[in-house]
Amino acid sequence: MRAIAENRQRAAMVLLLTAAVIGFAGNALAVDPVTVSVAVTGDPIPGATVTAKATVTISDGSTLQSIAWTQVSGPTATLSNTTTDTITAVLPGRQVFKEHLIETLEEPPITAAQLPPNVPPPPAEFPGGLQDRFGVVGINPFALEEAGAIGLKITVVTSSGTYDFSSAIHATMPWPTATGNRVVPIGLPVLLHGKLQTSYNWAMTAPTGSTATLTDAAGQSPEFTPDVAGTYAITVTNLADNSTVALNVIAGTWHGVITGQNADGRPVADITCRQCHAPGTPLDQFTPWMASGHAEIFTQNVNTPNGHYTESCTSCHSVGYNKSVANNGFDDAPDFAAMMASGLVTHGDPTNWTSILAQFPASAKLANIQCESCHGPQDGGGHPSLDGARANLSSDMCGTCHGEPLRHSRFQQWQLSGHANYELAGEEGTNTTCGKCHSAQGFLAWEKIGWSATAPITVDWTVDEVHPLTCATCHDPHAVGTTSGNASTNATVRIDGDTPTLMSGYAATDVGRGAICMTCHNGRRGLRNDANFNRADASRAPHVGPQADILMGQNLYFAQTGKRSYHSMIEDSCVTCHMESTPPPPDLSYNLGGTNHTFYASKDICNKCHPTINTNDVQAIVENKMASLQTEIEKALKGAMQAQIRAGNRIDLSGGVVVSAASDIVNVTFLESHGRQAVTVDLASGTTVEGIALNSVKVVPPAGAAKELYAVADPNIAKAGWNLISLHSDASKGVHNPGFVNSALDISLFALKSINAAAGNPAAGGGPGSGAGAVACSSPFVYWAEIAAHLPGVAPTQWRTDMVARNLGSQQAAVRFVLHQPTGNLEGTATIGGGAQQAFEDIVATLGGTNNKGSLEICSDQPLLVLGRIFNQAPTGTYGQFLDGHVADLGLTAGETASLIGLRQEIDRYRTNISVTNGGTIDAQASISLFDTAGNAITNFTITVPAGQVVQDIEPFKARANAPNLGWGFATVTVVSGKNVRTSASVIDAVTGDPTTIPGKQ
């Protein structure tokens, strides 16, 4: 009872000081005109009645007119006399406080308004709090204080104004801090928690001699207080699958292990413990522990001259300190009182620890942070425990000390980070690959197999047992290291200096403690650069969080790989900016001390090294480029789909919607979905097909197998898409590696703008091609020349055709020519060296033609540029016109119109022929309208063009419109049926035989 009274008195004093410090006036001057201090009298335990007296000090000469109290937060208390200076408060009962404690543990530790700008507000369903699981509740000091605080507002009115003050009644909570382990000390309440369900049937079988009972056994969070050492067998039914959940909670008393110190002043452990935990064996945890900060924290403080150490500090810096119960903890040692009276604890001196070891060995045995501080009492059956009762990878274990406001709140900082996402751990953490980086268990299992980038881990934990990336994921709690939170830190992480070979295909070197960050924060898709492009997997997107790739200059297309950022070369790389240079949230740190364990970097850190550059100077430029690239990718994807449709194919949007008309595709939005580049497509019908992975967007030809859109589209679209998603996911907006990022964006934009510009002139001259739009070809690259001839014309002309092809590939190209004509095809083959050009003079004669004209289909296994010259061979020389070659699948489709302008028909001066070429696999019909130069329609006619052939209508102004002396005119050609249709005209000088090509315009 004495200890309980002391603790409550301390709580009251804290309240008094807190009220005096935080009370402030809304219109405070340099000297506050009104201040208030509050003192609480009584035992603030659940259900108790206490009083709170406000002492009002008026400094501006005004007079007090009224005072009013209201409760603003915490469990509801019953307040009376609220318009006087002294209120009476009846605190709610234990059950109410327990429910509020559970709620506090489930929620974010601070409000969104308390977060610094660099830390985003957590989601409404907070993933970093107490989980929907069956188990022992881990309780940290911060949550205990928050749950026990009855927040009050005191409004004081004087003749000079109204002033509001904040204060609180801090209830003494009956529950101790708890690691969440199932090995617990006797005499202290154990709080349990179950999954949310409609009812509960908790039951407990206590060990022999125990009178402990389970209270609130029909509720979600029952509790009991173990009174003897032994196993408390607890069961409850999981209604989700009607299974029985068994929780064996093992209670015991504290033991302690420190028996002396070595020559370096480090603690020496009890020899009986070291018989099993012997040096050089897998069970040796003492050797690294002896060199850790945990093993010396009490020692360090009692030895520090002019220190501020008190008995209250020992609740974390010793084993089992708790004045409310006797269970062989630090405060129960027979020489504890004498040690405290000696002044060796509170008056620092470099020899104090040596003196305590000699004079007070029983207390020294339990000093510092030892095995039992984390794993629970050793005496009582909990050691050894092979069922995981003592082992716990939850951050709750660390939170019992590192969750104490305000000095040690790294636990709460971690809760606000992405590492604390239990929801994501549940989704990914039991996968043999994803679990490596999405669960604490998986990361440690990965360590055991040597950080293999390809080998799976063995998963022996369930969704109900998985933990996200907790403290023990990055830090081995047994490892060496005595100092953290400042420039002289020697705290260790599991991977330091160099990374293993990462899942994104390289190893990062000389990156300090940032190596552990990079081990997971990379694109995880192997090497993705111009030398490693895989068209078969082109739709793949980087895994979320490729920060290491950007920092190290890896895995972007169109950029010089290996161009690592100077930011990667600073000591500890990621850790420096995100943890050491960025302060933690003010409400979760003491004077902004310690390293920032939210891991969100502040935008202000750039100025620490670059006084003339702020973050926005880099990010604004990159954001604009990323927005432009998004637009260009969407244009290119829309164009690629429409081009395939115009070529006679259909677009299957993930098996749900099949599009057959190019005009049906109204808008394409580029995004990422489940590790793939993806699109949302808005259709003319008003339908929106959302989030389709691009490996599911298929090009369906009239016959044969469907292909992925990226298998036939320009590969630069996929490369640019990868880059954009990488940079979005990196989230630094260029800060991690400005030069690398801007270079990749600039070239990506150039590539996409080139694609989109070419789409306006459907691949005149050739280019990469796509394999689509073929009639006779089966090669990956197909091109059409509209007309080629070897035949006599109007005397004395002789028409001939030369073709030229340039091989854009580095390998030799195998080329096949197919001349389509009504009397049967002519064919021939050739080869073109890598990167070379080859001319095929009089191509029709080369194919065996003697008096032939037709459309020319060109098949190749390498990309080509194709053009030619169709010319009139006369005795005095040649007169020629340009003959273009086109990527095969980008012609006109039904409903589309091209104009042929600048045509001439004059007797003995000029004549015009019109050609329509059908690059489709079915017959096409074209409606041709002829106009005079004023735009008056003079005739219209329809022609049918067989599949793969060309129909040349000779002098239609003369033969069809009876206008042999028209002069200037023009024509329109509208495709009535069919796909992949092209049109052009030829204006021929009747005197010289010199022809001019007139291309179709849209």
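Trainee: Which residue stands opposite Cys 859 in β30?

Mentor: Val 782 is the residue opposite Cys 859 of β30. Keep in mind that this is a predicted model.

Trainee: Which residue stands opposite Ser 860 in β30?

Mentor: That is Val 815. The strand here is β27 (residues 813–820), which pairs with β30 over six bridges, again in the antiparallel sense.

Trainee: Why is β30 described as largely enclosed by the rest of the structure?

Mentor: Strand β30 covers residues 852–860, and eight of its nine residues are buried, so the rest of the structure largely encloses it.

Trainee: How should I read the two faces of a strand?

Mentor: Start from the general idea: side chains in a regular strand alternate between the two faces of the sheet. Then take strand β10 (residues 190–193) as the case. Val 190 and Leu 192 lie on one side, Leu 191 and His 193 on the other, and all four are buried, leaving both faces covered.

Trainee: Which strands pair with β10?

Mentor: One is β6 (residues 135–136), antiparallel to β10 over two bridges; there, Val 136 has Leu 192 as its bridge partner. Another is β12 (residues 223–224), also antiparallel to β10 over two bridges, where Glu 223 is the bridge partner of Leu 191.

Trainee: Now the rings. What describes a pair of aromatic rings?

Mentor: Two values do: the distance of the centres and the angle of the planes. A search of the whole structure finds 16 aromatic pairs. One of them is Phe 298 with Phe 330, at 5.6 Å centre to centre and 80° between the planes. Planes over 60 degrees apart count as edge-to-face, and this pair is classed that way.

Trainee: Where in the chain do Phe 298 and Phe 330 lie?

Mentor: Phe 298 is in helix α6 (residues 297–303), and Phe 330 is in the loop between α6 and α7 (336–342). They are 32 residues apart, and the pair links distant parts of the chain. Both Phe 298 and Phe 330 are buried. They also form one aromatic cluster with Tyr 309, Tyr 321, Phe 336 and Trp 353.

Trainee: Which ring does the charged end of Lys 719 sit over?

Mentor: The ring of Phe 533, with the charged end 5.0 Å from the ring centre. An arginine case is Arg 960, which lies over the face of Phe 941 at 4.0 Å from the ring centre.

Technical notes. Residues are numbered from 1 along each chain as its sequence is written. This is a predicted model: local features need pLDDT of at least 70, side-chain atom pairs count only at pLDDT 80 or more; totals for chains, interfaces and linings use all residues. Side-chain values use heavy atoms; hydrogens and water are left out. Rings of Phe, Tyr and Trp (its six-membered ring) pair if their centres lie within 6.5 Å; planes under 30 degrees apart count as stacked, over 60 as edge-to-face and the rest as tilted. Buried means under 20% relative accessible area, exposed over 50%, partly exposed in between (1.4 Å probe, protein chains only). A charge sits over a ring if NZ of Lys or CZ of Arg is within 6 Å of the ring centre and within 35 degrees of the ring normal. Two strands pair if DSSP finds at least two bridges between them.
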